[in-house]
Amino acid sequence: MTKKHLILTGIFILSIVLAACGNQATTSDKASKDNEVEQDRVLTDSLGHEVTIPEKPQRVIAPYLEDHLIALGITPVAQWSVKGGSVQGYLQDSLKEIPTIEFDLPFEAVTSFKPDLIVIGSPDIAEGEKYEQYSKIAPTYVMGTEDSNWRNKLLKVGEIFGQTEKANEVLAEYEQAAKEAKEKIESKIDSPSAAVIWNIKNTIYMVSDTASSGVVLYNDLGLQIPTLVKEVSASATSDWSQVSLEKFVQIDADYLFVINSDSAGSADLLSDPLLANIPAIKNGHVYEFDQSSSWLYSGAIANRQIIQNVIDSIAK
């Protein structure tokens, strides 16, 4: 064999060895990344507990966090409810086959579902010895008060389930939808003001400008905040505050969104002569929804439904 042939043969053999090493490294890197994604993770919850999150939890209980779960493609093994069987009606397209569990998470009920992960939305539900009881059933993660903002809550749920990227995608899609809706409203109506009330047996409750549907209307869609809403919100101790009829007559809202607690609707309430001069009522700009709708809730799914309701009502 000539010297030239020896050199060419050597180069050929070396190229094969390097390619093999490269493929081995790539395969090794991929395996390493797969193991990193799939292995159990340890997270510290709001109460300081180190919680081992299962690799791929299949039987999740996370009451009142279902909006975030569904947005991330996760179906819980049980869904939040209150006595009498009331559930989050707006989510039932996704949860209609899912059994209910009481909002206060009775231990026996939790055990019966054989969960492999429990996520609790606020520390008060796990106060005292409750956490120890839940953690004996399954790994239990308690979210903190800093996660009360629905955006933060979505991102936290994404972190817990190893879906931070997906959570950010959901949030980005929501922000884009809200931006487009805001622009559509602004192109059709000049600085409209609006208010949201919840009618419970002709008793009026008004949403705070920093909570629930109030955030959607005033922050995300840029609707103007009526003076009375600002006043009520300033002293609010909860998301919804009771407002007397005599006080409500002061509302200067161009549009009024009403959530009804029963099928009777708000005809009796809104036809009261005292309310006749409220701009929204005077001009026929009142839109009613039942309490199974998304208006009493928060999350990417709930809020996008609210946005669509607003568009359909005032900016078709």
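Modeller: In this predicted model, the side chains of Asp 220 and Arg 151 meet in a salt bridge, with 3.0 Å from N to O. Asp 220 belongs to helix H8 (residues 212-220) and Arg 151 to helix H6 (residues 150-160), so the contact ties together parts that are 69 residues apart in sequence. Asp 220 and Arg 151 are both buried. In general, side chains of opposite charge can pair when their charged atoms come close.

The structure holds 5 salt bridges. Another of them joins Glu 231 to Lys 247, where the closest N and O atoms are 2.7 Å apart. This pair also links distant parts of the chain: Glu 231 sits in helix H9 (residues 227-234) and Lys 247 in helix H10 (residues 245-248), 16 residues apart. Glu 231 is partly exposed at 39% relative accessibility, and Lys 247 is partly exposed at 29%.

Glu 183 pairs with Lys 179, the closest N and O atoms being 2.9 Å apart. Both residues lie in helix H7 (residues 164-188), 4 residues apart, which is about one turn of the helix. Glu 183 has a relative accessible area of 42% and is partly exposed; Lys 179, at 45%, also counts as partly exposed.

The structure holds 10 aromatic pairs. In one of them, the rings of Phe 107 and Tyr 134 have their centres 4.9 Å apart and their planes at 55°, so the pair is tilted. Phe 107 lies in helix H4 (residues 107-112) and Tyr 134 in helix H5 (residues 130-137), so this pair ties together parts that are 27 residues apart in sequence. Tyr 134 is buried, with a relative accessible area of 0%, whereas Phe 107 is partly exposed at 27%.

The rings of Phe 289 and Trp 295 have centres 5.1 Å apart and planes at 25°; that angle is under 30 degrees, so the pair is stacked. Phe 289 and Trp 295 are both buried. They belong to one aromatic cluster, together with Tyr 255, Phe 257 and Tyr 287.

Definitions and conventions:
Residues are numbered from 1 along each chain as its sequence is written. This is a predicted model: local features need pLDDT of at least 70, side-chain atom pairs count only at pLDDT 80 or more; totals for chains, interfaces and linings use all residues. Side-chain values use heavy atoms; hydrogens and water are left out. Rings of Phe, Tyr and Trp (its six-membered ring) pair if their centres lie within 6.5 Å; planes under 30 degrees apart count as stacked, over 60 as edge-to-face and the rest as tilted. Helices (H or I, at least four residues) and strands (E, at least two) are DSSP runs, numbered from the N terminus. Buried means under 20% relative accessible area, exposed over 50%, partly exposed in between (1.4 Å probe, protein chains only). A salt bridge is a side-chain nitrogen of Lys or Arg within 4 Å of a carboxyl oxygen of Asp or Glu.
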